[in-house]
Amino acid sequence: MDIEHRNNITVTGNPRGRTVVLAHGFGCDQNMWRLTVPALVDEYRVVMFDYVGSGRSDLSAFSENRYSSLEGYARDVVEICEALDLRDAVFVGHSVSAMIGVLAADMAPERIGALVMVAPSPRYIDEEGYRGGFSAEDIDELLASLDLNYLGWSAAMAPVIMGNADRPELGEELKNSFCATDPDMARVFARTTFLSDARDDLKKVRIPTLVLECTQDAIAPREVGAYVHASIPGSTLITLDATGHCPHLSSPEATNEAITDFLAVVR
């Protein structure tokens with residue numbers, strides 16, 4: 001299989017620099033990193049891609065069986081790293097991609113040497129002693145609504161996820177990204193994302209890790225950031241002066257500064 005075509009891989013930046021892999025979240029594609037790339041390309045080699053079912057990926061490569069678990073997406077990440085012969089790369093994952101990065105680093109430790117987790121959540125559903133931000137009923141309703149009318153769900157949820165109600169163009173961009181994603185494949189990715197529980201995997205992380213959270217995030221509340229930080233030995237937690245679940249779009253300067261400061265330290 002042509003993995004570069006399957007995942008629409010883009011490579012840019014400094015070919016002599018350390019490789020930074022930018023991985024998008026649910027319903028998005030690599031274009032969501034466009035405000036981060038300029039902060040990296042002078043010093044780092046930058047790799048971006050689209051998960052199968054997103055962006056300009058090869059939709060014929062989609063397998064519901066494979067992508068019904070985060071491990072399936074993590075295998076894609078490992079295969080991308082192998083195809084490009086990446087070693088000791090820094091994996092920057094937004095939202096669910098943060099947890100996919102954790103799994104990929106465990107699968108192929110020689111390929112990924114550091115993690116940046118942007119608005120991560122290892123589990124979205126609350127349980128006793130843990131706050132993920134949603135009740136089980138909330139998630140059931142969210143998935144039922146998505147199944148019933150994906151475009152309507154996208155229009156309703158994108159502004160909530162993005163936050164920043166005073167900047168409606170941001171919510172509009174996220175809605176358009178959701179609507180450009182194949183609905184059937186998005187339904188599978190949504191279930192994989194919102195029903196996942198990767199809390200135990202956090203304890204396996206033994207590489208430098210930066211956790212970025214926002215001051216207000218409807219998808220990953222502050223308690224989640226604190227949990228992720230406490231679960232990963234030696235990790236760094238930074239609370240960005242940003243609201244919403246996509247700080248690389250809503251507050252790119254603060255997000256980029258946190259990422260580049262971390263990269264400078266983990267060389």
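Buried means under 20% relative accessible area, exposed over 50%, and partly exposed in between, with a 1.4 Å probe and protein chains only. The model is predicted, so local features need pLDDT of at least 70 and side-chain atom pairs count only at pLDDT 80 or more, while totals for chains, interfaces and linings use all residues. Residues are numbered from 1 along each chain as its sequence is written, and side-chain values use heavy atoms, with hydrogens and water left out.

Glu141 has 55% relative accessibility and therefore counts as exposed. This residue is found in helix α4, residues 136-148; helices are DSSP runs of H or I with at least four residues, strands are runs of E with at least two, and both are numbered from the N terminus.

Next come the aromatic side chains. The whole structure holds 14 aromatic pairs, where rings of Phe, Tyr and Trp (its six-membered ring) pair if their centres lie within 6.5 Å; planes under 30 degrees apart count as stacked, over 60 as edge-to-face and the rest as tilted. Phe26 and Trp153 make an edge-to-face pair, at 6.1 Å centre to centre with 75° between the planes. Phe26 lies in the loop between β2 (19-23) and β3 (45-48) and Trp153 in helix α5 (residues 150-162), so this pair ties together parts 127 residues apart in sequence. Both Phe26 and Trp153 are buried. Phe26 also forms a tilted pair with Phe178, at 5.7 Å centre to centre and 45° between the planes. Phe178 counts as buried because its relative accessibility is 2%; for Phe26 the relative accessible area is 9%. Ring pairs link both residues into a cluster whose members include Tyr51, Phe62, Tyr124 and Phe194.

Arg123 bridges to Asp197, with the closest N and O atoms 3.4 Å apart. Arg123 is in the loop between β5 (112-118) and α4, and Asp197 is in the loop between α7 (183-194) and α8 (199-202), 74 residues apart. Arg123 is buried at 15% relative accessible area, whereas Asp197 is partly exposed at 39%.

Arg131 forms a salt bridge with Glu223, with 2.9 Å between the closest N and O atoms. Arg131 lies in the loop between β5 and α4 and Glu223 in helix α9 (residues 222-231), so the pair ties together parts 92 residues apart in sequence. Within helix α6, Lys175 and Glu172 are three residues apart, about one turn of the helix, and their side chains meet in a salt bridge of 3.2 Å, N to O. Arg6, Arg66, Asp76 and Glu79 are linked in a network of salt bridges.

Note on methods
Salt bridge = Lys/Arg side-chain N within 4 Å of Asp/Glu carboxyl O.
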